[in-house]
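Me: I would like to learn how to read the features of a protein model. Please take them one at a time, with the general idea ahead of the case.

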Amino acid sequence: MPRPTGRVLTLLELLQSGGTRTVAELADRLGVDGRTVRRYVDHLVDLDVPVESVRGRYGGYRLAPGYRLPPLMLSDDEALVVLLGLVAGRRTGLMTAGHTASETASAKIRRVLPQHVARRLDALLESLAFTDQPGEFAAPDTGILLTLADAVRHHRPVSMRYTDGDGRRRERTLYAYGIVAHSGRWYVTGKDAGIDEDRTFRLDRIADARTLPGSFEPPVDTAPAQRVLSGFATTEYRHEVTLRIHGTADQIRAHLPASIATLEDLEPATGQDRTPERWLRVRLRAERLDWLPPVLAALDRPFVIEHPDELRTLVVAFADRLASYARKAWARS
């Protein structure tokens, strides 16, 4: 049978999970009566743990918000989830305070883990691989990230100093719609008041941000993630490519995602029903074309190159090379 001290710690863990817990609920979880629950709460209060009593029909006990509790009670599963989140965030470049905060937080949690859990975690981390190299991208400033998040939530304009891709720094006023994490970087999307157009900005290029007086009404169809992906797909590059591909949208998106290409439905012929596999127009922009022939080959769907002619030449040359390799392999067999 658990000792009273163990039940007091279990009570603390239940309260740390958030919300208001009724006396009946706590008594059931701890296997004691309501009077004993109140006594355990008094023990926590004597230890300077700020337990609040909530009156009313749905009253009970809760912890005062914003209090830093020593110790933080985590189960083995919860500790593992937190550590994996810290590792994944550091490896994929999505930590907001650089590596130091992540490493110190990880060390604090690892220090109190039971040895058998720590050993299992070490085995997992040794066998874990990430597609993104650690430290590949610069982390955004936490203060800037939180300022922008507050501006998004309360629909307030924000002033920021932004350095563009050419190294030019300038003041911008942004009506921010949302914050998006994509491929190891953080972005904010919204309307640039200086040019009255929607733009996407990298957070690691923002040197300073502060909210301004006033408010605005964001568009109904904000969809920040889709705006970021569409912005990538329509960025100006050297080549504009237009294709017609016969297949489903999912088949095409598996090789040409929304961050690369846009899809346009072509009207079905008169009298024909709309089917999942149909002709779709695909538009994309690229600095180089040599990566497209292998993608079209992997797609393995009928396609027509509308523009540019240079891509058609590259596809024919790629097909000839594949045929030549296949003939050589057949000859050796």
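Reply: Accessible areas come from the Shrake-Rupley method with a 1.4 Å probe. The model is a predicted one. By that method the chain exposes about 20,700 Å², and carbon and sulfur atoms supply 51% of this area.

Me: What percentage of the 333 residues is buried?

Reply: The cut-off for buried is a relative accessible area under 20%. Buried residues make up 33% of the 333 residues in the chain.

Me: How many helices and strands does the chain have?

Reply: Its secondary structure comes to eleven helices and eleven strands. As for contacts with a separation of 6 or more, residues 24 or more positions apart account for 62% of them.

Me: Now helix packing. How are two packed helices described?

Reply: Two numbers do it: the angle between the axes and the distance between them. Take helix α1 (residues 4-16) and helix α3 (residues 34-46): their axes come within 10 Å and cross at roughly 80°. That makes α1 roughly perpendicular to α3.

Me: Which residues meet in that contact of α1 with α3?

Reply: From α1 they are Pro4, Arg7, Val8, Leu11, Leu12 and Leu15; from α3 they are Val37, Tyr40, Val41, His43 and Leu44. By class, the contact of α1 with α3 has nine nonpolar residues, one polar and one charged.

Me: At what angle do α2 and α3 pack?

Reply: Helix α2 (residues 23-30) packs against α3 at about 90°, with the axes 9 Å apart. The two helices are therefore roughly perpendicular to each other. On the α2 side the contact has Val23, Leu26, Ala27 and Leu30, which meet Gly34, Val37, Arg38 and Tyr40 in α3. The contact of α2 with α3 divides into six nonpolar residues, one polar and one charged. Val37 and Tyr40 of α3 are listed in the contact with α1 and also in the contact with α2.

Me: On to sheets. What is the order of the strands in the open sheet of four?

Reply: For a sheet, read the strand order, then the pairing. Here the order is β9-β10-β8-β11, and the pairing is antiparallel. β9 (261-265) and β11 (303-307) are at the edges with a single partner strand each, so one side of each has no neighbour in the sheet. On average, neighbouring strands of this sheet are turned by 25° against each other, direction ignored.

Me: How many bridges join the strands of this sheet?

Reply: β9 and strand β10 (residues 278-286) are joined by five bridges, with Arg281 in β10 as the bridge partner of Glu264. Between β8 and β10 there are nine bridges, and Glu240 stands opposite Arg285 in β10. β8 and β11 pair over four bridges, where Arg244 is opposite Val304 in β11.

Me: What is the strand order in the open sheet of five?

Reply: The order is β6-β5-β4-β3-β7, with antiparallel pairing. The edge strands β6 (197-202) and β7 (206-211) each pair on one side only. Neighbouring strands of this sheet are turned by 45° against each other on average, direction ignored. Strand β5 (residues 185-192) pairs with β6 over six bridges, and Val188 stands opposite Phe201 in β6. Helix α7 (residues 142-154) packs on this sheet, touching β3 (158-163), β4 (169-182), β5 and β7, and its direction makes about 40° with that of β7.

Me: Last, the backbone. What do most phi values and peptide bonds look like?

Reply: In most residues other than glycine phi is negative, and most peptide bonds are trans. In this chain, phi of Asp48 is near 70°, a positive value. Asp48 is in the loop between α3 and β1 (51-54) and, at 58% relative accessibility, counts as exposed. Phi of Asp300 is also positive, near 55°. Asp300 lies in the loop between α10 and β11 and is exposed, with a relative accessible area of 62%.

Me: Which peptide bond is cis?

Reply: The bond from His307 to Pro308 is cis, with omega near 5°. Pro308 is in the loop between β11 and α11 (309-332).

Conventions. Residues are numbered from 1 along each chain as its sequence is written. This is a predicted model: local features need pLDDT of at least 70, side-chain atom pairs count only at pLDDT 80 or more; totals for chains, interfaces and linings use all residues. Side-chain values use heavy atoms; hydrogens and water are left out. Two strands pair if DSSP finds at least two bridges between them. Axes are lines fitted to C-alpha atoms, for helices over the stretch in contact, and angles run from 0 to 180 degrees between N-to-C directions. Angles under 35 degrees count as roughly parallel, over 145 as roughly antiparallel, 65 to 115 as roughly perpendicular and the rest as oblique. Contact means heavy atoms within 4.5 Å. Ala, Val, Leu, Ile, Met, Phe, Trp, Tyr, Cys and Pro count as nonpolar, Asp, Glu, Lys and Arg as charged, and the others, Gly among them, as polar. Buried means under 20% relative accessible area, exposed over 50%, partly exposed in between (1.4 Å probe, protein chains only).
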